Amino acid sequence: MKLVSKIMRRKIFKIIKWLVIVILILCCMGITWNYFCKRREIPKIQAAYGKAVKVNGKKMTVEIAGLQAEESPVIVLLPGLGSPSPVLEFRPLAEKLGKTYKVITVEPFGYGLSDPADTERSIENIVEELHACLEEIGVHRYYLMAHSISGLYSLYYANTYPEEVRGFIGIDSSVPKQNENEPFDTTKLNLLMAYLSKTKNVLGISRIFSIGNPEKAIYADQNYSYSQEDLEVFRILSLDNSYNKTVMNELKQVEKNLEIVQDMKFPEEVPVLNFVSEDNCEIFPEWEKLHRSVLSDNQENRLVMLKGGHYLHFEQKERINYYVVKFIN
C-alpha cells in the first residue's frame with residue numbers, strides 16, 4: 001500500500017509540474033504576442049483625435065466640440081478613474097451638450113492619448129495640471145462636469161479657483177467620506193480589479209476576446225454609433241493603456257486624496273447640479289446623503305436622482321442634457 005501511495009504521489013507531482021510548465025509557456029507566448037501587437041498598433045492611435053496641449057512640458061489631449069462662439073458657455077468634461085479614452089467615452093454626451101454649449105473633454109495625464117505623468121497623482125498635482133491646461137487654451141470661465149473620481153478633484157478645484165468655476169455638474173461623482181460607511185472596502189476592491197484587468201491585458205487574454213469584435217474590449221454607450229475607426233482606437237487604448245503606471249499610482253492615492261477633501265463643501269458662489277444613480281443608492285444607503293453634504297446654501301443647488309448605474313452618461317444623456325440646460329439657463 002505504501003509503495004502504491006508513493007507511486008501515486010509521484011504521478012500527481014509530475015502532472016502538476018507539467019501543468020505549471022505548460023501554463024508558464026502559454027503565459028510567455030501571450031506576453032510576447034501581446035507586446036508585438038501593441039508595437040504594431042501604436043501608429044493607429046497617434047493623433048487619432050483631439051488637440052495636444054503642452055502642460056509642464058508634456059502633452060495633454062483635449063477635444064473641443066459644440067458651439068465655438070466666444071460668448072457660448074463652456075462645459076469641461078472630466079473622466080472617471082481609469083477611463084481608457086475620455087474623449088471617446090464622453091463623445092455621445094459631448095455631442096448632445098454641444099448643441100447648446102462649447103464642450104471641452106480633457107484627458108488628464110495617463111488617460112487616452114495624453115502622456116504619462118512624472119509626478120505623484122495627488123489631488124493638488126492633478127488640479128494644478130488641469131488648470132494649466134485650461135489656461136493654455138485660453139478658457140477662464142467654465143462649468144466643471146465630472147464623472148466619478150473627478151468629482152473629488154472638482155471639489156478641490158472649485159475651492160482653489162472659485163472665481164473661474166461658474167458651476168459644478170456631477171455625474172454620480174465621488175464624494176468625501178464615501179469610504180467611511182461602505183459595506184466593503186471599495187478602494188482595495190478597485191485596486192484588486194485593476195490588477196486583474198492589467199494581468200489579463202498583459203497576457204493577451206483581453207486581446208484574444210476582442211478579435212473581430214472590438215466592442216468586447218470597450219465599455220461605452222451602446223446606443224451611440226461609433227465609426228469603425230473610433231471603435232478600433234477605443235479598443236487599442238482599452239487593451240494597451242488601461243491601468244498604466246500613472247493610473248495605478250492614482251488608484252493608490254485615492255485614500256490620501258479623500259482625506260484632503262474630507263471636510264470640504266463647494267463654495268457658496270459655485271452652484272451645483274448633482275446627478276445621482278438610484279442603483280448606487282440601493283447599494284450604498286448613504287450615497288444620496290453624502291452628495292447633499294457637499295452642497296452649500298446656494299439656492300441654485302440641485303440634486304437629481306436618475307435611474308441607472310454609475311455610468312449615467314450612457315443611460316441617461318437625454319435627461320442629463322435637459323437638466324443641464326435648465327441649470328445653466
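Q: Is Cys 281 buried or exposed?
A: Cys 281 counts as buried, at 17% relative accessibility. Buried means under 20% relative accessible area, exposed over 50%, and partly exposed in between, with a 1.4 Å probe and protein chains only.

Q: What should I know about the model?
A: This model is predicted, so to speak for local features pLDDT must be at least 70, side-chain atom pairs count only at pLDDT 80 or more, and totals for chains, interfaces and linings use all residues. Residues are numbered from 1 along each chain as its sequence is written, and side-chain values use heavy atoms, leaving out hydrogens and water.

Q: And Cys 133, buried or exposed?
A: Buried, with a relative accessible area of 0% for Cys 133.

Q: How many disulfides are there?
A: The structure has 0, where a disulfide is a pair of cysteine sulfur atoms within 2.5 Å.

Q: Switching topic, how many helices and strands?
A: The protein has 13 helices and 8 strands. Those are DSSP runs numbered from the N terminus: helices are H or I with at least four residues, strands E with at least two.

Q: Why is helix 8 called largely enclosed?
A: Because 6 of its 8 residues (residues 245-252) are buried.

Q: Which ones are buried in helix 8?
A: Thr 246, Val 247, Met 248, Asn 249, Glu 250 and Leu 251.

Q: What does Asn 244 do at the start of helix 8?
A: A side-chain oxygen of Asn 244 comes within 3.0 Å of the backbone nitrogen of Thr 246.

Q: How much of the whole protein is buried?
A: 52% of the 329 residues.

Definitions and conventions: A polar contact is a pair of N or O atoms within 3.5 Å; within protein, one must be able to donate a hydrogen and the other to accept it, and residues adjacent in sequence count only if both atoms are side-chain atoms.
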